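Welcome, and do keep the structure open beside you while you read.

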Amino acid sequence: MRTKERALKILSLLEKNYPRVPKLFLSHETDAQMLCAIILSARNTDKQTNKVTSKLFKKYKIVSDFAGANAAVFMNEISSIGLYKSKSKNIISSFKKIRDDFDGKIPQKMEELLQLPGVGRKTANLVLVSLGKIEGIAVDTHVARLSCRFGLSKSRNPDVIERDLVKIYPRNKWSKINGLFISHGRAVCTARNPKCGECFLNRAGLCPRIGLADPI
Ligand code: SF4
């Protein structure tokens, strides 16, 4: 079976098995909070991020709240998050730039989002998916691992993996890839000891990893 055909069958089974995947697993009420939560979530679990933001977002809701934050206070408020010092600096600087250069509105284009401190393609793609302005596929650790196990990319570089995935999947599916791969990566295709024996992709003969050494 050709890679593209297999990739589409994998996606179809993922859609069937995870029918209610949210655009984002991070809690938020405003677009400003959404951007802040995505930056905070880098190298942290969504659960830990949501725990911190449940308190944080009672105080910070809109762009001016984040842009006007006291650096020392904000750093302390997110101190249970990994890399909190650099994230605190990046979040406040990003919101100052949004306030001053983008008329106080969260940028809606990849090239604009990438101008914000601490925002790379993964963060920008997640923001764009949440805003319904899809330009690519957000590649996090689950997407990278599963893309490799599914035989859809040979690279470990997220940018290259994204380029491989956008060539394989039609544009109208891009917004779903991140959530579906995360769901399967958490439930079955875990980083250590994937549950291949109970995997529906295994039963359907769609995963080329079976019998091979784990590439990651
Ligand atoms: S068969 Fe194993 S490696 Fe392949 S998708 Fe399922 S859990 Fe992951």
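## A residue between two helices

Where is Asn193 found? In this predicted model, Asn193 sits in the loop that runs between helix H11 (174-187) and helix H12 (200-203). Its backbone is worth a look: Asn193 has a positive phi of about 50 degrees, although it is not a glycine. Asn193 is exposed, because 7 other C-beta atoms lie within 10 Å and the cut-off for exposed is 12 or fewer.

Arg43 is not a glycine, yet it has a positive phi of about 60 degrees. With 11 other C-beta atoms within 10 Å, Arg43 is exposed.

## Helix H10 and its buried face

Now for the helix. The buried residues in H10 are Pro158, Ile161, Glu162, Leu165 and Ile168. Viewed down the axis of H10, these buried residues fall within an arc of 125 degrees, so they line one face of the helix. What do they pack against? The partners are helix H1 (3-17), helix H8 (121-131), helix H9 (141-149) and H11.

Asp159 also belongs to H10, which covers residues 158-168. Asp159 counts as partly exposed because it has 13 C-beta neighbours inside 10 Å, a count between the cut-offs of 12 or fewer for exposed and 20 or more for buried. Asp159 and Ile137 are 22 residues apart in sequence, and their C-alpha atoms are 9.5 Å apart in space.

Definitions and conventions: Residues are numbered from 1 along each chain as its sequence is written. This is a predicted model: local features need pLDDT of at least 70, side-chain atom pairs count only at pLDDT 80 or more; totals for chains, interfaces and linings use all residues. Helices (H or I, at least four residues) and strands (E, at least two) are DSSP runs, numbered from the N terminus. The arc is that of the directions from the helix axis to the C-beta atoms. Two residues are in contact if their C-beta atoms, placed from the backbone, lie within 7 Å.
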